[in-house]
Each structure stands twice: as structure tokens, then as C-alpha cells.
Amino acid sequence: MSISEMGVEGRPVPELDPVSKHYWEATTRGELLVQECPSCGTRQFYPRALCKMCAKTPEWLKTAGRGKVHTFSIVRQNGNEPFKQWLPYAVVVVELEEGPRIMGNLVGSDVDDVHIGMEVSVDFVPLTDQASLPFWRATAPAVSDG
Amino acid sequence: MSARVPVIAGVGLSDYPKAPHLDAVGHHVLAFQRMLDDSGLEKKEIDGYMTAQGNFAAPDNGGTMAEYLGIDPRYYDGTAVGGSTFELYVQHAAAAIRDGQCEAIVMTYGSDLYTQSGTNPSFGAKQPGEVVPGALQYESPWGNTLIGAYAMAAQRHMYEYGTTSEQLAEIAVACRMHAGLNPNAQYRKPLTVEDVVNSRMIADPLHMLDCCVVSDGGGAILITTEERAKDLKQPPIYILGAAAAQTHWNIGQMPDYTVTAAARSGEKAFAQAGVRPEDIDTVQLYDSFTITALLMLEDLGFCKKGEGGPFVQTGALKLGGALPLNTDGGALSSCHPGMRGIFLLAEATRQLRHQAGDAQVEGAELALACGSGGWLSAMGTVILGRSTS
């Protein structure tokens, strides 16, 4: 399979709630947020109204939008629209540099090249006026200063 | 007053794997009637009821189903955590019996999943652009599938421990061998490891034959006291240990993709029962996918973490081996109507009654059933015995 690209049309749309609206609003500005607890320091994703460890109210933390593939699957069968038009595609769980993990699609790579430990960076694509979807692409090798 | 000892005293299964003449309620009813015949209990004695349909609009939701069956429960449980729900019910029922909350608890399950999916092309289909609330709003947009969720665990297990597709396939091969001894099993033709690894890839690294079947089916289990069971038709099967644990619900939240909550539910159930993994004669594990059973074998202590692959290659899981697995053929080959947990209890009981015919594990004294609900999320482990010691 060659380069995998996916669209956004027809994808499930998040129902913004009092917590998630802050997360999704940030995506429209190209920012990927997680949460950090001011009391115990726990960082978490997905966003919640409380810290999952100590139950205090967490604060938002802007991430660098980079991480590594922790695990993944290549989906080759899905009868549901809109996904069946994009088969096969990669669903990845990315471990962010800041710690929490987030699910997404890895695009721009051959699905056979997706592997655990792969370094990836976020790339937002608008879904609605209120939410952009964070896709993942292989991080380009750093350009040597020398 | 002597202690009240909880036992399984009746089992019924409806028609499976394909039953176009039954709807979900019909499966509940047929299994319930067969359980009454099996046990010899009079229906009017039932004073506890459990079932797992949480949707109030469904015809077999808990309250409606109790009403339909004509049961007025003094003890009621509608816990619904997917496939392991019925193992959790054993935990709850055993405690309720010991505590004197009621005398005769029945759990029933029914599903026409196969018939629905075969006759209604849009059954279960999602609409494009659907609005998703709650935690799933962070996962649904990515098109992961049910199989893709389990594939994520398999992928990570392969990465950390070098587990291979050929090793996972051994689980499907063992279950198919046992399905060959079950006239009702959905697929009975023998399988080879090559058949499994050469079957179509569904979600890497899981092939079609790493995945369970889709069936119709239902079951009913009676739990009462040892004292009451003395006058019933079947030898009582003792509930020696029953415990539950959960690590996450949605697959993106699984803390360690190679370890399930069965590590905790198993430890607790073994401690209650006062037995060790090497004492168990047969295991009935929720084989929604080959990886599900492999993770459980490790988490329950039948082998060390990471050594499930070599372990399943020893042949231990086949009849005649040290730990025959899913002696009815399991979800992989016999029957999976959506929530299989009640079938695990039925098969463990059949083995311990020594009523399993050609599939009998010789001299079986102790059996373990472990259900998995959600996406490797909620685990329930039950240890059953022919006697209390």
C-alpha cells in the first residue's frame, strides 16, 4: 500500500461538553492540550473534570505535539462510512513527550512502515468550526547544523 | 446455624449458534426453561434475578425480562460490563447467597446477533457524521474497530515479548479441535496454524481466524445454597472463588497493553479458593480473539508474563494436555452471541459434573472461567469445584 492519506468528511463529530470544549477550541488554534494536576502533578488525557489520581481539579497544559507510537493497528476491514474509503489505514496510540497517550490516525506513511517507537508530530485538519482533528505524521529527521 | 455455601445447581443453553426461530427474548426463555428442567427447581422458588441488557427500550431489559419471566426478585442485579458480566454475577450471587439475601438466583442471557446481522444489512452500522459524547469523542473520530482495539494489545505483546502470529494461532487451533467434539459448534472442521496465519488480515496483527464467530445464543444459570441443591437433580458445583477487576474501559486508556485486570481478579479468586494455577484442570477463557486468551493465561498465572506464546505451543491447551482450554470450542469456533460469559460458566459446570462426553477432561475437579468485558477492560474470574476442598 502506498502513501496513506485520509480525509475528515463524514467522521464522527465530538459533542462539546463543559470540559471538552476547551480541548477542541485549542485544536482550532493548532494547539494540542492535555491536563496537569496542580496538586499531585499527574498529567492526563482525555480531559476530565477531575484529576483521575487525586480528584482535584486539573489545569490545561499545552503540549509540543510530538511523541512516539506506543501501539497501533492497521485497520483493513471496516464497513462503516466514511472509513471504508480509506482502508487500509493506521490507528495509533501516541505517547506524547509530556507523558499522556492519545489515539489518532497516522498519515503520510506507508502503512507497512508504521512501527512501535516511530517518532510522530501532530498535524491538525479542521473538522468543524469548533474542532480540528489532530492527525499524526512521521517526524522529519532533524536537519544537521553542521 | 451452618454457613450458607453457594453452588451452581442448574444450567440451560438455548439453541445456538444459529436460531432464526428465536429473538433475544426467546433465547432467554428457552435457556431459562432448560435450566429449570436441568435443575429440577420449581420456578416459584426463584427469588433473585440478574441480566445484562441495560437499554430500557430493549424488550429484554432487566426489569422487563423479570416481569416477562414472572420473577419478583428480592435480589436484583443489572450490572452490564460486556462479556464478563456473568462472571461478575457469580461474584455478586455468591455473596448474596452467603449473606442470606435470597435463596435461588437465576441469571439469563439471550441474543439474536447472528440472525439480526444476517437479515438486517444496516444492523449495527454507524451513520456518517454522528455526534459522539463523552470519552468516546476522543476515539471515535479515528475509525478504530473492535478488532483494531484488540490488535493494539497483540501488537504491543509481539513488540515486548516476541510473540508470533503462529503462537496466537495455536489458541484458535485448540478451540477448533474441541469444537469438533461439539455437535452445536458453529465451525467444526479442523484447523492448522497455517490456516490461521494465512487467513485474511482484519486488523494487523489479527487475522480472520484469530477472531471469534458471530452467533445467536443464550444461557441461564441457577445459583443457590448447597443445602437447597441436595434435593435437586444435579450434583452441586461449588463457587470457590469469584472476583472482578478493571483497568480501563476505552482501549486508548489501557495502562499496559500487555496486562489485563485478570492479573488482579485472578489473584483474588485463587486466594479465596485456596488453590493455585497448577491445581486447575480446565480453563474456560473468553476467547473473543486469540490475544484475549493468551493475555489471560499469563495474567492468571498459568505461565509467566510474556511466556504465553511458548506456553500455548506446548499443546497444554488441547484435550489430553495439562490445561484444556474452551472444551466446547469457545468463542473462536463454537458460539459468540456478543456476551459469551455465561457459556464459560456453563461449560465449566458441564466439565465438573463429568457430563462433557467426548470432551470430558478426565477427573476434572477444579475449573476456572474468566470473562473479559469491554476492550480487555473489565475482568471476572470464577473458580469452581466438584467439592469444597
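## Strand pairing between the chains

Two strands are taken to pair if DSSP finds at least two bridges between them, and strands (E, at least two residues) and helices (H or I, at least four) are DSSP runs numbered from the N terminus. In this predicted model, β5(A) and strand β6 of chain B (residues 201–204) are joined by two bridges and run antiparallel. Within β6(B), Ala203(B) is the bridge partner of Val75(A).

## Basis of the values

The model is predicted, with local features requiring pLDDT of at least 70 and side-chain atom pairs counting only at pLDDT 80 or more, while totals for chains, interfaces and linings use all residues. Residues are numbered from 1 along each chain as its sequence is written, chains are lettered from A and ligands numbered from 1 in the order in which they are written, and side-chain values use heavy atoms, with hydrogens and water left out.

## The interface

Contact (heavy atoms within 4.5 Å) links 38 residues of chain A with 35 residues of chain B. The buried area, which is the accessible area (1.4 Å probe) that two parts lose on being put together, summed over both, is about 3300 Å² for chain A and chain B, with 58% of it on carbon and sulfur atoms. On the chain A side, Gln77(A), Met103(A) and Ile116(A) lose the most area to chain B, together 19% of what that side buries.

A salt bridge requires a side-chain nitrogen of Lys or Arg within 4 Å of a carboxyl oxygen of Asp or Glu, and the count between the two chains is one. That salt bridge is formed by the side chains of Arg76(A) and Asp204(B), at 2.6 Å from N to O. Among the elements of chain A that each supply at least two residues of the side touching chain B are α1 (20–28), β5 (66–75) and β7 (101–106); the largest share, six residues, comes from β5(A).

## Chain A as a whole

Chain A has one helix and nine strands, in the order β-α-β-β-β-β-β-β-β-β from the N terminus. Its C-alpha trace spans about 45 × 45 × 25 Å along its principal axes.

## Backbone exceptions

Most residues other than glycine have a negative phi, and most peptide bonds are trans. The peptide bond from Phe45(A) to Tyr46(A), however, is cis, with omega near 10 degrees, and Tyr46(A) is found in the loop between β3 (43–44) and β4 (59–62) of chain A. Ala55(A), which lies in the loop between β3 and β4 of chain A, has a positive phi near 75 degrees.

In chain B, the peptide bond from Asp204(B) to Pro205(B) is cis, with omega near 5 degrees.
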